[in-house]
Amino acid sequence: MKHLFDYDAPLMRALRQIAYMILLNFVFVLTCMPVFTIGASAAALHEVLCSEFDENPAGKYFRLFKAHFAVATKCFLLLLLIGVVIFLDYCLSRSSASQSPSVFSYILLAAGFLLVMTAGYLFPLCAHSRKTSVRALYQQSIQYMLQYLPRSFLIGLLNILFPVLVLYFPFHLLRFGFVFLLIGFSFLAKMIVLLLRKPLRILAPEMQSGRKAAVEKQIISDSDEFYREFEKKSSRK
């Protein structure tokens, strides 16, 4: 009992993880406010949740946010454009149809859900894959989405949970919305991380080779910097 509140005790580790997830949820909501930064925020949040929490998860989050900003933002803007087109087509199909939804409306709903399932892989791949081409990332996301269709369906349901609450249950959102502001987004992201564990395992060799290349590049850069400084000192003498 006396070791219950030790730093490495299971209870204290669990409380630290909850506190870190609350902190990450706050910085995620903060960085999503400009809207166009949602892609970089999602990629950074996913990568932080994939790794062991350190003493400064917010600092790690902002470093990853900056690292993934360019590619993830391009991916998100294209995703947003496609989503807006599907949504507007759906609204037009409902307004021009009779009281019951048309077949075209159901096709658009299915297309929208496929897009949401693809998004579940897109931003994690922005964080983990060495690919920097938007086209290549979309192709790989669609491939994984179709390859792991059952878990892709669950990921899609988790991704649409908050929009469904906003659109169809606003009263309940007003009552329990503080939960999302407190820990909801990071909790849903953690569930998606667990679902993506198997697909992302395929990327492990690629990730390791990418880290190795980055380390080698840094070593070469440090060596060049050292020799430049040495030559400057020698020339002064």
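How many aromatic pairs does a search of the whole structure find? The search finds 10. Keep in mind that this is a predicted model.

**Stop 1: confidence**

Colour the chain by pLDDT. The protein chain averages 80, and 78% of the residues score at least 70. Now select residues 207-220. Here pLDDT stays under 50. For this stretch the model has three contacts beyond four places in sequence.

**Stop 2: an aromatic pair in α3**

Back to the rings. Select Y61 and F65. Their ring centres are 6.4 Å apart and their planes lie at 20°, under the 30 degrees that counts as stacked, so this pair is stacked. Next, show helix α3, residues 57-96. Y61 and F65 are four residues apart in this helix, so about one helical turn separates them.

**Stop 3: α2 against α7**

Two packed helices are described by the angle between their axes and the distance between the axes. Select α2 (residues 38-50) and α7 (residues 170-195). These helices pack at an angle of about 65°, and their axes are 10 Å apart. That angle makes α2 roughly perpendicular to α7. The crossing of α2 past α7 is right-handed.

Show side chains at the contact. From α2, pick L45, H46, L49 and C50. From α7, pick F185, S186, A189, K190 and V193, which the α2 residues meet. By class, this contact of α2 with α7 has six nonpolar residues, two polar and one charged.

**Stop 4: α4 against α5**

Move to α4 (residues 103-128) and α5 (residues 134-147). Their packing angle is about 120°, with the axes 8 Å apart.

Select the contact residues. On the α4 side they are L114, M117, T118, Y121, L122, L125 and C126. On the α5 side they are L137, Y138, Q140, S141, I142, Y144 and M145. Colour them by class: the contact of α4 with α5 divides into 11 nonpolar, three polar and no charged residues.

Notes. Residues numbered from 1 in each chain as written. Heavy atoms only, no water. Axes fitted to C-alpha atoms, helices over the stretch in contact; angles between N-to-C directions. Helix = DSSP H or I, 4+ residues; strand = E, 2+ residues; numbered from the N terminus. Parallel < 35°, antiparallel > 145°, perpendicular 65-115°, else oblique. Left-handed = near helix turned anticlockwise from the far one by under 90°. Contact = heavy atoms within 4.5 Å. Nonpolar A, V, L, I, M, F, W, Y, C, P; charged D, E, K, R; others polar. pLDDT = per-residue confidence, 0-100. Phe/Tyr/Trp six-rings, centres within 6.5 Å; stacked < 30°, edge-to-face > 60°.
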